[in-house]
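Please open the structure in your viewer and keep the selection tool at hand. This tour goes from one selection to the next.

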Amino acid sequence: MHITDLNRECLVHLFSFLDKESRKQFSETCRDLHQIFLDPALWTLLNFHSPSELKRDNFVLGSALRYLSVCWHSSRVKVCNIEDWVKTAFQKDICSKHESTVSDFLGKVRNKCPSLLSLTLSGCGHVTDHDVTLLLQSCPRLRILRLENCVRLTDCTLQALVRHGRSLQSVQVDFCRNVTQDGLRLVRERRPSLELTAERSGGMIPDSKPGEKLQLGRTLQKLLQYS
């Protein structure tokens, strides 16, 4: 008996035990298994651990996707988190290679995965308020949103939660330095039933413009001079 003699349901079940890359390799052995690889039932959950994984062809985005996680834990995240105007040419070059990767991927999610229920973004230093707002508009069933160490997100994202996150039940906004206490307070006032947690967010030092840094530096110099 050949494996392709099994019915479709059994093959889909077998594929479900494999990771993304193994599914892809298995599917390349014959046309029938490639069709199993494309079955939406296989792709209700996707986890990614680096931006480079988002560019591979070992997964399928479709209407069956319910749970999505993009978590990047790397030393390069520290480079992404540096304010743009402070970055060296070398650091900017590092970021330029993946700066739009997650945003472009979320654009595909918006178009292909309207029934998404849960989204986690961690260490995604180039994701913007605009990215999150558009996703909330395109995925009205989203119930769980976890945002961690996404330094470009501001109170605009929190305002989008209030306006467009009608199905949201739980939101985490952790270590997002440009989110303020005022923004968090707005969400709690407008959406009292929403479970909102914000570890360190609202209490971190936000980004500032070069002029503001310069002015602060001069103020500190004066204080030291006359103390």
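Predicted model: local features only at pLDDT ≥ 70, side-chain atom pairs only at ≥ 80, totals over all residues.

Residues are numbered from 1 along each chain as its sequence is written, and side-chain values use heavy atoms, with hydrogens and water left out.

Select helix α9, residues 181-190, and colour G183, L184 and V187, which are buried (under 20% relative accessible area, where exposed means over 50%, with a 1.4 Å probe and protein chains only). These residues lie on the same side of α9, because they cover an arc of only 100° around the axis (taken from the directions from the helix axis to the C-beta atoms). Turn to the other side of α9, and you will find D182 and E189 exposed.

Next, select helix α1, residues 8-15, where L11, V12 and F15 are buried. Seen down the axis of α1, these residues fall within an arc of 100°, so they line one face of the helix. Their cover includes α2 (20-27) and α3 (31-37). At the N-terminal end of α1, show N7, which caps the helix with a side-chain oxygen 3.2 Å from the backbone nitrogen of E9.

Finally, select L68 and, leaving aside its neighbours within four places in sequence, look for its contacts, which include L46, F48, F105 and V109 (contact means heavy atoms within 4.5 Å).

How values were computed. Helix = DSSP H or I, 4+ residues; strand = E, 2+ residues; numbered from the N terminus. Polar contact = N/O pair within 3.5 Å; in protein donor to acceptor, adjacent residues only side chain to side chain.
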